[in-house]
Amino acid sequence: MSERFDAWIGIDWSGAKGRYSGIALAECRADGSGPRLIAPEGARWTRSAVADYLGGRIAAGERLLAGFDFAFGFPWIAGEGYLAKRVPHIADAFALWELIEEASAGAPDFHAGPVVMHPDFATSYWVSGKQRPGWRNDKRLTETACGTATSTYPETVFKLIGAKQVGKAALAGIRKLRAIRLAAPAHVAVWPFEPADKPAVLAEIYPTLFRRQALGNTAKIKDRATLDNALAALDSGPAQDAPASFSDHDGDALISAAGLRWLDRTGRLFALPEDAEAQARREGWIVGVS
């Protein structure tokens with residue numbers, strides 16, 4: 001089989017401030033072997049270290065598909081655009097990324113806390129206490145479609161309270177994606193905002209989708225036996241060098257690497273529902289959601 005990628009990389013992400021440990025990376029290779037965890041050079045992965053690591057592999061000429069577990073964009077509402085008409089001059093996802101970068105005020109390690117307090121963004125966010133009058137639970141079309149496919153409830157990027165919040169991870173992730181793309185524009189494509197026709201492609205994932213596909217449920221994977229059963233359902237060999245038990249972050253990275261390769265080989269990797277294509281170009285889309 002002739003492959004367009006040398007490696008498929010699954011990345012479980014974190015938008016936390018300070019010292020955090022929620023990032024995990026795993027990869028599958030084209031030989032069909034099982035995924036392996038990618039160890040950080042230091043004690044843990046940081047957002048900056050992930051950007052440097054991927055940038056180095058891209059610069060070395062590797063053909064990579066990297067899947068990231070966070071939203072690549074914001075909801076786009078007909079007649080309003082992004083952010084409830086407050087930014088009428090922002091007409092596409094990359095312009096939105098530039099606005100996010102500007103509003104982040106240069107926060108280190110791609111943290112994006114200042115964005116939430118910026119006047120262009122603050123009104124959209126629920127950050128504490130009871131839901132305030134007028135707050136809107138706007139979601140992207142892909143989140144609604146993914147919820148239907150997995151029988152789950154993906155949160156809006158604008159809800160910043162509770163255990164399932166994803167907004168700060170998305171903001172930090174977007175800053176990181178922007179940096180990787182700008183560092184090697186001739187070699188990096190961000191799908192679906194641009195065609196996936198460059199050596200390295202960055203795409204959005206939802207690990208729950210792979211767990212549902214492989215095991216028929218959405219429970220987190222934290223042990224080698226469950227993982228290897230899931231990998232077999234994705235036409236993958238068993239995990240390489242994985243311990244008997246591990247964190248759910250490691251489990252999500254491992255199943256995502258195998259899931260990306262499986263989607264690629266079954267021809268469903270960059271497929272968009274025809275009626276969702278225009279919205280996906282503005283908001284982003286989770287690979288594998290149909």
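Predicted model: local features only at pLDDT ≥ 70, side-chain atom pairs only at ≥ 80, totals over all residues.
Residues are numbered from 1 along each chain as its sequence is written, and side-chain values use heavy atoms, with hydrogens and water left out.

**Entry: the sheet.** I found that strand 5 and strand 6 (residues 200-204) pair in the parallel sense over three bridges, where pairing asks for at least two DSSP bridges between two strands and strands are DSSP runs (E, at least two residues), numbered from the N terminus as are helices (H or I, at least four). Val 188 stands opposite Ala 200 in strand 6. I then traced the open sheet, whose six strands run in the order 3-2-1-4-6-5 with mixed pairing; its edge strands, each pairing on one side only, are strand 3 (36-38) and strand 5 (188-190).

**Entry: the helices.** I looked up helix 1 (residues 47-59) and helix 5 (residues 167-183), whose axes come within 10 Å and cross at roughly 25 degrees, with axes fitted to C-alpha atoms, for helices over the stretch in contact, and angles from 0 to 180 degrees between N-to-C directions. That makes helix 1 roughly parallel to helix 5 (under 35 degrees; over 145 is roughly antiparallel, 65 to 115 roughly perpendicular, the rest oblique). The contact (heavy atoms within 4.5 Å) is made by residues including Arg 47 and Leu 54 of helix 1 and Lys 176 of helix 5.
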